[in-house]
Amino acid sequence: MLLVLEEVKKSFPLPDGGRLEILDIPYFALDAGEQVVLVGESGSGKTTLLHIISGISRPDSGSVRLDGWDITLLSEADCDRFRAKRIGYVFQTFNLLPGFTALENVLISMYFADGRPDRGRAKQLLERVGLGHRLNHKPPMLSVGEQQRVALARALANRPQLILADEPTANVDVGNQQIIIDLLRETCREEGAALLLVTHSPDVARQFSRIERLEHLNRLSKREVQQPL
Amino acid sequence: MSLWKIAWRSMQQRAVASWLTAISVGLGVALIVAVLVVHRVVDHSFRRGAQGYDLIVGAKGSALQLVLDTVFYLGQPVDLIPYSYYREFVEGRFVPAVRVAIPICTGHDYKGFRCVATIPDMFERLTYLDNREFRFREGRNFYPENYFEAVAGYTAAKKLKLKVGQEIRPTGYGETGSKQHEDEPFTIVGILEPTGTPIDRAIFLNLEGFFRCAPHQVGPSYEESLLRESEFRVVEADRGGQTQRSEGETDSNPGADHLGNEAVENQHEYDASCDDHHHGEEEESRRLSAILIVSDIENNPQLAMALPRIVNEEPFAQAVAPAKVIAELFDGIVGNVQRVLLILAVLVVVVAGIGITVSIYNSMSERRHEIAIMRALGASRGTVMAVILLESILLSLGGGLLGVFMGHILVALLSPTIAEHTGVIVSGLEFQLVELILIPGLIALATVVGYLPAVMAYRTDVAKALIAAP
């Protein structure tokens, strides 16, 4: 297994001093190269789960092992480095750095991983997602579909073992949604990366052979959720 | 891609704010540079104003007043010394210790510019600054035998629009334009090249012509001055006490005094020619403001070094080393003014530095999202902190370089005005080593002022900031 979560719990502090429990996942696993879609209600903790898997947030308890490494045991700096090298992240709002060109947005991800940006690979990835002619354009000069493609190229820049995509088509027009999903799945396959994709869209979810509902994974909400897709 | 580039891109993104911040730093630095350059040039010009001679002999009194009057043509003469005392330096007992002696008389001006009566040797045997020889922009030096000739300094000629061949009538202190001398006017025969010294602001008259003007033909002789002194003085030469002079033993044969009989040849032709006309009573009534002395340190070091002491033991005269007096004046007064100006300029830079803090701090709320993206991409807390600090350093250094450039432009723009009013030639290209201190100074300032926003970047909650709208 590439990714294994065991007994992962996460809660947030409330203003009254109490805690709001969000996640209580006894077990979740993902094979290398596997493509899984994760669906769930708004506010059910999907993004929080992705943050925990990527090491952006720490769980209250439990373990998150990626390729045998328990990232909950890594120091923050090691966790940052680990994330940069092994995990690619595609955000719902693209989260490109607006002051940097498309090419630089990909290069900066490489720089944070090992300090050695590979310009050739960055260009190759951008060409792969159809933006070979937009290398030196900054995000505000790109359409939303193009911005998400840059984000995809950036996520793949460091040859990660796992791509986490948080509703990557939510802000993309209908015409581009399928293009983005196809591109995401194809490039992950080409790069040998596993894909965990969060979506609200039944159309997108249906295309995956493995669909996970967070409500089924999460002990805290199992009782409440029985909705079909 | 590097941290520098990331910081640079962040600045580009907020170009207007970045420029304004850098300019505010630049203005402070420009002020520092201007103060440093102007001060150094003024300092040098003041200190070098008296270069070319190493001693001023004048009447007893304030040494500072003597230097201000003789070197800078400021204020009034302390008092006067007899012309015959000058002869002691060119054909009398002080000859072995003296290479050049130039008599000068101040106390007159022409339309606000000081007139200095002297001899042609002033421009032929003296030098200025670093042994530079005087050159004439127009015309020539005045001739000894042409009594009513004059030479104008560059600034004086320019401001008064003096031309070669023009006649001028100097006035004495307290006289008005209507009370100009009725004697023969002086004719400008030469205009000097700029020297960057107070000489630029003066007009030089032939001493002989000056003495021939009626008001200057009175006064006590050297002997009379000596007789006025009641105090018995023994003047001892610095030659192992070989000879002694006591009151009443005035030199009847100046060429055979106790300092030696050599070097009479040092006397210039002018003196020889003057001898023909002015020996006797007429000469004894003449008085001088000062004598500029170039000591003969090379040939007679002991005697040259003893000369000031010997002169100071005279009852009516003093010998002043102008460089020492000027250094004291500058260090004591002008140095303090510079310190105050520098402190003010540093405060301006510090305030501009606080401006950097405010500028970056204000941008932090909108930048939290960007910082969170960088962190999500794998940047460590230290990395994002470094990016903010580098941005602060870039703003400071950029502003600093801009300031150095602006400072020198400012100096270059002010240069003609400074030269016209003070005679000091200031070059905008005059760089100083001390300006290099600005670089580490600005880096230190940037680190301090960038620390607060950098810590904010360090503490950014990535998960929260990612979820928050950009």
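**Exercise 1. Which residue of β4(A) is the bridge partner of Leu3(A)?**

Keep in mind as you work that this is a predicted model.

*Solution.* 
- Step 1: Find the two strands. Strand β1 of chain A covers residues 3-13 and strand β4 of chain A covers residues 61-66.
- Step 2: Look at how they pair. β1(A) and β4(A) are joined in the antiparallel sense over 5 bridges.
- Step 3: Go to Leu3(A) and look across. Its bridge partner in β4(A) is Leu66(A).

**Exercise 2. Work out the strand order of the open sheet in chain A, then name its edge strands.**

*Solution.* 
- Step 1: Strands of a sheet pair through backbone hydrogen bonds, either parallel or antiparallel.
- Step 2: Read across the sheet. Its 4 strands come in the order β2-β1-β4-β5 (chain A), with antiparallel pairing.
- Step 3: Look for strands that pair on one side only. These are β2 (19-30) and β5 (69-70) of chain A, the edge strands.
- Step 4: α1(A) lies across β1, β2 and β4 of chain A, and runs at about 120 degrees to β1(A).

**Exercise 3. Decide whether Leu50(A) is buried or exposed, and find what it touches.**

*Solution.* 
- Step 1: Leu50(A) belongs to helix α1 of chain A, which spans residues 46-54.
- Step 2: Count neighbours. Leu50(A) has 23 C-beta neighbours inside 10 Å, so this residue counts as buried; the cut-off is 20 or more.
- Step 3: List the contacts, leaving out residues up to four places away in sequence. Leu50(A) touches Leu164(A), Asp166(A) and Val198(A).
- Step 4: Take one of these partners. Val198(A) is 148 residues from Leu50(A) along the chain, yet their C-alpha atoms are separated by 8.7 Å.

**Exercise 4. Find the stretch of chain A where pLDDT stays under 50.**

*Solution.* 
- Step 1: Begin with the whole chain. Chain A averages a pLDDT of 87, and 97% of the residues score at least 70.
- Step 2: Go to residues 225-229 of chain A, where pLDDT stays under 50. The model has 5 contacts beyond four places in sequence for this stretch.
- Step 3: Read with care. Where pLDDT is low, the predicted coordinates should not be read in detail.

**Exercise 5. Describe how helices α3(B) and α12(B) pack.**

*Solution.* 
- Step 1: Get your bearings. Chain B has 15 helices and 17 strands.
- Step 2: Take the geometry. Helix α3 (residues 63-71) of chain B packs against α12(B) at an angle of about 105 degrees, with the axes 10 Å apart.
- Step 3: Name the residues. α3(B) brings Ala63(B), Leu64(B), Val67(B) and Val71(B), while α12(B) brings Pro322(B), Val325(B), Ile326(B) and Leu329(B).
- Step 4: Sort by class. The contact has 8 nonpolar, no polar and no charged residues.

**Exercise 6. Show that both faces of strand β17(B) are covered, then find a strand that pairs with β17(B).**

*Solution.* 
- Step 1: Check each side of β17 (residues 317-320). Ala317(B) and Ala319(B) are buried on one side, and Gln318(B) and Val320(B) are buried on the other.
- Step 2: Find a partner. Strand β1 (residues 55-59) of chain B runs antiparallel to β17(B), and 4 bridges join them.
- Step 3: Pick out one pair. Gly58(B) has Gln318(B) as its bridge partner in β17(B).

**Exercise 7. Describe the side of chain B that touches chain A.**

*Solution.* 
- Step 1: Count the residues. 19 residues of chain B are in contact with 24 residues of chain A.
- Step 2: Locate the helices. α1 (3-13), α12 (322-376) and α15 (462-467) of chain B each supply at least two residues of this side.
- Step 3: Sort by class. This side of chain B has 11 nonpolar, 5 polar and 3 charged residues.

Note on methods:
Residues numbered from 1 in each chain as written. Chains lettered and ligands numbered in written order. Predicted model: local features only at pLDDT ≥ 70, side-chain atom pairs only at ≥ 80, totals over all residues. Contact = placed C-beta atoms within 7 Å. Nonpolar A, V, L, I, M, F, W, Y, C, P; charged D, E, K, R; others polar. Buried ≥ 20, exposed ≤ 12 C-beta atoms within 10 Å, placed from the backbone. Pairing = 2+ DSSP bridges. Axes fitted to C-alpha atoms, helices over the stretch in contact; angles between N-to-C directions. pLDDT = per-residue confidence, 0-100.
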